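Please find below a note on the model under review.

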Amino acid sequence: MGNDAQIQLPGNSTQDRVVRTNDLHTVNRTVKTLEFQGLLWSCSLKRICLSALWLPLGALIFCYITASLFQADDIHETHCRVYNVVPSISAITGISPQRYVWRICIAYHLGPRLLIGSLYYNYHKDRTSLIVDEKARVLAIRLGDACYWLNLIELLALTGVTYVSNRENYYAHEKIFIIFMVASLLHMLCRARVGCIASDVVEPVRTNKIVWILFFVAILATLGLIIFFLRHRLLCRPLAFTWFSICEYILATINMAFHAIVVRDLPTHELQVVFPTHVKTN
């Protein structure tokens with residue numbers, strides 16, 4: 001009996017191995033290869049643009065409220081030490097911990113801002129291709145290119161103003177802020193001008209009138225900013241810095257609105273990640 005048992009063991013072991021092998025083949029036949037085809041992700045352009053608007057706006061409101069409630073003495077201190085009511089944006093975003101909230105929100109909104117600039121570049125490029133007159137088409141192309149590069153310079157200057165506070169390096173902060181203001185105003189002007197070129201042949205940009213209004217209001221706010229800044233720095237007038245700060249908030253609001261109106265020009269567009277219809281093979 002002992003010998004019979006020893007003879008049967010190898011047979012059972014071989015049979016078990018055959019069964020396991022068949023099971024593996026069965027499992028392998030049921031495993032399917034996942035192919036990432038079709039639409040993988042989509043997001044409306046409106047949602048992306050509104051996020052680019054609310055990130056800096058929400059951060060600005062948060063910094064203003066918290067700084068006014070808990071650090072009023074720090075944010076109302078001025079160069080001439082005169083009476084001041086409204087703190088500047090640099091004051092409320094240059095103290096801790098508000099500076100960290102402001103910098104994080106600005107960093108996250110840079111991506112959508114770059115996307116909006118590229119979209120408008122292609123949008124104006126398509127509109128320019130329909131212009132028949134050679135001079136008008138060349139002018140529209142140049143203005144479209146200027147809009148793209150001015151938007152990039154504006155973003156770089158905004159980043160510099162955000163991460164180089166006036167408390168850390170006032171000289172550099174001031175110069176970068178001037179670059180930001182000039183680039184922002186020129187960007188508005190070029191956008192407003194390119195949107196109405198050859199309007200008798202091609203339909204003007206939908207928000208072109210709004211851009212012109214924002215531009216003229218920004219010019220008035222900039223003039224007020226310069227006047228009240230000089231009155232504060234040179235003459236040390238009471239409340240001069242308050243009016244300077246008010247002009248600064250107006251300019252910040254106009255800039256945010258200017259970059260958010262893309263939702264009216266391209267209201268139904270979406271950003272999508274899809275599998276290409278034609279795949280290149282090496």
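Which helices each supply at least two residues of the lining of the second largest cavity? They are α5, α6 and α7; the details follow under point 4.

1. Basis of the note. The model is predicted: local features need pLDDT of at least 70, side-chain atom pairs count only at pLDDT 80 or more, and totals for chains, interfaces and linings use all residues. Residues are numbered from 1 along each chain as its sequence is written, and side-chain values use heavy atoms, with hydrogens and water left out.

2. Overall architecture. The protein has 10 helices and two strands, where helices (H or I, at least four residues) and strands (E, at least two) are DSSP runs numbered from the N terminus. Along the sequence the elements follow the pattern α-β-α-α-α-α-α-α-α-α-α-β. Of the 282 residues, 39% count as buried; buried means under 20% relative accessible area, exposed over 50%, and partly exposed in between (1.4 Å probe, protein chains only).

3. Largest cavity. Two cavities of 30 Å³ or more are present. On a 1 Å grid over the protein atoms alone, a cavity is a set of points where a 1.4 Å probe fits but cannot get out, while a pocket is an open set with protein on both sides within 12 Å along at least five of seven lines; lining residues have an atom within 4 Å of a point. The largest cavity has a volume of about 500 Å³, a volume being the space filled by probe spheres set on the points, which are joined across faces, edges and corners. Its lining comprises 36 residues, of which I89, W102, L158, F180 and A252 lie nearest the centre. By class, the lining divides into 21 nonpolar, 11 polar and four charged residues (nonpolar: Ala, Val, Leu, Ile, Met, Phe, Trp, Tyr, Cys and Pro; charged: Asp, Glu, Lys and Arg; polar: the others, Gly among them).

4. Second largest cavity. This cavity holds about 70 Å³ of space. Its lining includes Y120, Y121, N151, H187 and R191, and divides into five nonpolar, five polar and one charged residue.

5. Largest pocket. The volume of the largest pocket is about 780 Å³. Among its 29 lining residues, N166, Y170, F229, F241 and F244 are the closest to the centre. Helix α7 gives the most to this lining, with eight residues. The lining divides into 14 nonpolar, eight polar and seven charged residues.

6. Salt bridges. The count comes to five, a salt bridge being a side-chain nitrogen of Lys or Arg within 4 Å of a carboxyl oxygen of Asp or Glu. E168 and R103 meet at 3.6 Å, N to O; because E168 lies in the loop between α6 and α7 and R103 in helix α5, the pair ties together parts that are 65 residues apart in sequence. E154 is buried at 0% relative accessibility, and R113 is buried at 5%. R137 and E134 form a further bridge at 2.3 Å, N to O; being three residues apart in helix α6, they are separated by about one helical turn.

7. R233 lies in helix α8 and is partly exposed at 31% relative accessibility. The C-alpha atoms of R233 and H79 are separated by 7.2 Å, although the two are 154 residues apart along the chain.
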